[in-house]
There are 2 protein chains.
Amino acid sequence: MKLPEIFASPANVRSVLQGTAIFNAGDESGEMYVVQSGEVDIIINGVTVETVGPEGFFGEISLIEDSVRAADAIARTDCRLLPVNRHHFLFMVDEMPQFALHVMKGMADRLRKADKRAAV
Amino acid sequence: MKLPEIFASPANVRSVLQGTAIFNAGDESGEMYVVQSGEVDIIINGVTVETVGPEGFFGEISLIEDSVRAADAIARTDCRLLPVNRHHFLFMVDEMPQFALHVMKGMADRLRKADKRAAV
């Protein structure tokens, strides 16, 4: 799940130490995150359902649904993250159809994997 | 998963009888479908992972990823479906950000459910 190079700007980069909770299930949400470097585990009920690496993204479900977090996101390594808030997200969808397609591709990939897990 | 009223146009409606396979896993894909009436089962390896009802949609994963179908889609009842091909889909994402958001909301909803199943 690679995101457009627009996100490669150094503005707003957030450095996160290994083991830090970026968010926890039940938290209010207002951002998704693009991983610039490092890895983040997405954990539901103690089960790691995905590990997101460089240029991947996470946290988009709560942003899109405007709902609380359904998972924990824990830095598996030291990370550099680019937060994208709801306003920025809607602006990007509006102005850059490629961004919307990119997010949809990432979600399609995750859905395909999740469906495979569910049907085993 | 409700889609904009633009899809309520009667053009291109496809009537499908109960029990018909709209597509099968492994099929080449070029369309997603909006359900106008009736219900469609999405089945992976014999397991029904979702039932899609009126104004819901399905088949978007293969369309977005430009890959073969990962699931069977079987008409649970007699149905009326509105096919959306790749060209139409890309046009809609380009011209109607609300459409992209709508598809993303549907996918977010499915991902949240799939993640819950996976983590049980």
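Trainee: What makes you say that the copies meet through the same surface?

Mentor: Of the interface residues of chain B, 100% are also interface residues in chain A, so the same surface is used by the copies. Contact here means heavy atoms within 4.5 Å, and chain B and chain A put in 34 residues each. Do keep in mind that this is a predicted model, where local features need pLDDT of at least 70, side-chain atom pairs count only at pLDDT 80 or more, and totals for chains, interfaces and linings use all residues. Side-chain values use heavy atoms, with hydrogens and water left out.

Trainee: Why is the pair Arg112(A) and Glu65(B) called a salt bridge?

Mentor: The term asks for a side-chain nitrogen of Lys or Arg within 4 Å of a carboxyl oxygen of Asp or Glu. Arg112(A) and Glu65(B) meet at 2.6 Å, N to O, so the pair qualifies. The count between chain B and chain A is two salt bridges.

Trainee: How much area do chain B and chain A bury between them?

Mentor: About 3,000 Å², 70% of it on carbon and sulfur atoms (accessible area, 1.4 Å probe, lost on being put together, summed over both). In chain B, Met104(B), Leu111(B) and Arg112(B) lose the most area to chain A, together 23% of what that side buries.

Technical notes:
Residues numbered from 1 in each chain as written. Chains lettered and ligands numbered in written order. Buried area = accessible area lost by both parts, 1.4 Å probe.
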